[in-house]
2 protein chains.
Amino acid sequence: MYIGVDIGGTNLAAGVMDDLGGLVMKRSLPAGADRSTEAILDDVAKLVNELRQAYPDEIRAVGIGVPGVVSKENDYIYYCPNINMVKVRIKEEMEARLNLPVYADNDGNLAALAEHEIGALKDVDNGMLLTLGTGIGGGIIVDGKMLRGAHGLSSEVGHMVIGESDVLCNCGKNGCFETFSSATALIRETKRRLASTETPSVLRDLEEIDAKAIVDAAREEDPIGKAAYGWFLDYLALGIVNFINVLDPRIIALGGGLSNAGSFLLEPLEERIKALLFVKEFPHAKLVIAQLTNDAGILGAAFLARQKSKG
Amino acid sequence: MYIGVDIGGTNLAAGVMDDLGGLVMKRSLPAGADRSTEAILDDVAKLVNELRQAYPDEIRAVGIGVPGVVSKENDYIYYCPNINMVKVRIKEEMEARLNLPVYADNDGNLAALAEHEIGALKDVDNGMLLTLGTGIGGGIIVDGKMLRGAHGLSSEVGHMVIGESDVLCNCGKNGCFETFSSATALIRETKRRLASTETPSVLRDLEEIDAKAIVDAAREEDPIGKAAYGWFLDYLALGIVNFINVLDPRIIALGGGLSNAGSFLLEPLEERIKALLFVKEFPHAKLVIAQLTNDAGILGAAFLARQKSKG
């Protein structure tokens, strides 16, 4: 059995996965993202040890997913935007605490790994997952294997520049995919439209505007909701067509909170993608909704542990 | 031995490659790009047959590189912008004419294959070639193999959208990489700057402005040449950083006419790339100049024939 840990900006979640990919036990703690790296890692160890007591002698390795830039080769964290984890030798640190083999990767990549093992990308030779959440994460599969890159730093899909924006990305660049097609970007664009026009909108009555409210408003033909969601979809299609042109995946799975829109996401997106293809009758990636929701991170981390500990 | 054919907008070039990758004989004909597809393919057959007579019974297969969108799986040409080759079953057509096994691919991809076999990408596990010419072509190597994609349509690197432009790309989209960082784009931008300002420039004295003249002017600190070349480099760095973020190659080789600028290309580019990296101390792709110049297309096509006919 394997333990998967999903380090998020809000929660630290962990679970035990059996050898067939079933999640048999879960635990979580608040992330306390502003605390020292030490304190966060100690809490991760606490979670793992709690799970381990339920399955003594059965846990073979631990996988950890991190919301930031992680070298997949060296299990080294370069940088996390939303939690105090910068330049952390996470493998070393956690192995010292746990006395078990530990492996780490970026959370988007691990969610893609989980989809590839048991979800929407199962048996897919060339595919990718895009998670549309606070940012845009994801992972890429080439010839049946997760793409890692020469330095273990591939698949930073949210930081592909696709246009020009009036805000800078947290990476310092202008025009990153996630400044257009993440939940954060959709909310920002909606607020901008609300502030700069007098167009009536149900969204004006809300105390707090989240992505779901905007999508719901768009569905009801609310003019501001519809325009902002259309803007978001235009850029999402541009970004996806970049991946089609460069990687030519068979399937692109969409995950993250925004993927809850289901066919209200897939249908207008497919229409926009068709219009952007070089040759309109190109065979091109099928868009689907990701299958593993909240547990993708834990499962992906556990699959990483399984994969790496099998060599 | 294998025959490689490079179908270009200007010339049809072909050569015989020995089993070690040496080019032992070359022939070419004008492309006559506006003629019927039939007439062009007949000329390709003529070239191949001429070469074949010199090595009777030794030619095992023929590879063909095409300046357009080719399915690498089906040896089928979807579209070429600069030569009359649209929806051509090139494998069938040429095998009927030659009675030899024929394989086809995009010319940029084949140039990358040649660099991978005997050039700047030799023994590179993850790498890519970008050819900066009339457009931007190239090919991608993942885990030691050419990336093909699910439908054989990957690596259309010039059509990755990276910004917003005042001209549309010939693919119909706005903001494609090749509308910024090809020779065509550099010339267009230089002419625009010459027309819209009165800034003195040595380029005003030229009857015909080509990319080499602009690079030479930039080297001599000519204000228009320097500004246009800087603009070109800014976008080239953006596009390359997209590939670094998505693919994390070990080496990126730059080919095509603009790569003749050598260190005057590599040095300012590396500086710009460093400034765009998410984490500045990231290990990232080394930039080099491609090694095979004019013959990369013929050699790549011959290597394709070797690779495919060996199964």
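Predicted model: local features only at pLDDT ≥ 70, side-chain atom pairs only at ≥ 80, totals over all residues.
Q: Why are α6(B) and α7(B) called roughly perpendicular?
A: The axes of helix α6 (residues 211–219) of chain B and helix α7 (residues 223–247) of chain B cross at roughly 110° and come within 7 Å. Angles of 65 to 115 degrees count as roughly perpendicular, and therefore α6(B) is roughly perpendicular to α7(B). The crossing of α6(B) past α7(B) is left-handed.

Q: What makes up the contact of α6(B) with α7(B)?
A: From α6(B) come B:Ile214, B:Val215, B:Ala217 and B:Ala218, which meet B:Gly225, B:Lys226 and B:Tyr229 of α7(B). By class, the residues of this contact are 5 nonpolar, 1 polar and 1 charged. Gly counts as polar and Lys as charged.

Q: Why are α5(B) and α7(B) described as oblique to each other?
A: Helix α5 (residues 183–196) of chain B and α7(B) have axes that cross at roughly 135° and come within 9 Å. Roughly perpendicular covers 65 to 115 degrees and roughly antiparallel requires an angle over 145; α5(B) and α7(B) are therefore oblique. In this pair the crossing is right-handed.

Q: Which residues of α5(B) and α7(B) meet, and how do they divide by class?
A: B:Ala185, B:Leu186, B:Arg188, B:Glu189, B:Thr190, B:Arg193 and B:Leu194 in α5(B) are in contact with residues of α7(B), among them B:Ala228, B:Trp231 and B:Phe232. The contact of α5(B) with α7(B) has 9 nonpolar, 1 polar and 3 charged residues.

Q: What makes β3 and β7 of chain A edge strands?
A: Five strands of chain A form an open sheet with mixed pairing, in the order β3-β2-β1-β4-β7. Strands β3 (23–30) and β7 (102–106) each pair on one side only, and are the edge strands. The twist from one strand to the next averages 20°.

Q: How do you know that β1 and β4 of chain A pair?
A: Pairing needs at least two bridges, and 5 bridges link strand β1 (residues 2–7) with strand β4 (residues 61–66) of chain A in the parallel sense. A:Gly4 stands opposite A:Gly63 in β4(A). Helix α3(A) packs on the sheet, where it touches β1, β4 and β7 of chain A, and its direction makes about 100° with that of β7(A).

Q: How do you know that β8 and β9 of chain A pair?
A: The requirement is at least two bridges; strand β8 (residues 127–132) and strand β9 (residues 136–142) of chain A are joined by 6, and run antiparallel. A:Leu129 has A:Gly139 in β9(A) as its bridge partner. Helix α7 (residues 223–247) of chain A packs on the sheet and touches β8, β9, β11 (251–255) and β12 of chain A, with its direction at about 160° to that of β8(A). Helix α3 (residues 107–118) of chain A lies across β8, β9 and β10 of chain A, at about 50° to β9(A).

Q: What makes up the interface between chain B and chain A?
A: In chain B, 48 residues are in contact with 48 residues of chain A. The area buried between the two chains is about 4,100 Å², with 63% from carbon and sulfur atoms. B:His151, B:Val246 and B:Phe278 supply 17% of the area that chain B buries against chain A, more than any other three residues.

Note on methods: Residues numbered from 1 in each chain as written. Chains lettered and ligands numbered in written order. Heavy atoms only, no water. Axes fitted to C-alpha atoms, helices over the stretch in contact; angles between N-to-C directions. Helix = DSSP H or I, 4+ residues; strand = E, 2+ residues; numbered from the N terminus. Parallel < 35°, antiparallel > 145°, perpendicular 65-115°, else oblique. Left-handed = near helix turned anticlockwise from the far one by under 90°. Contact = heavy atoms within 4.5 Å. Buried area = accessible area lost by both parts, 1.4 Å probe.
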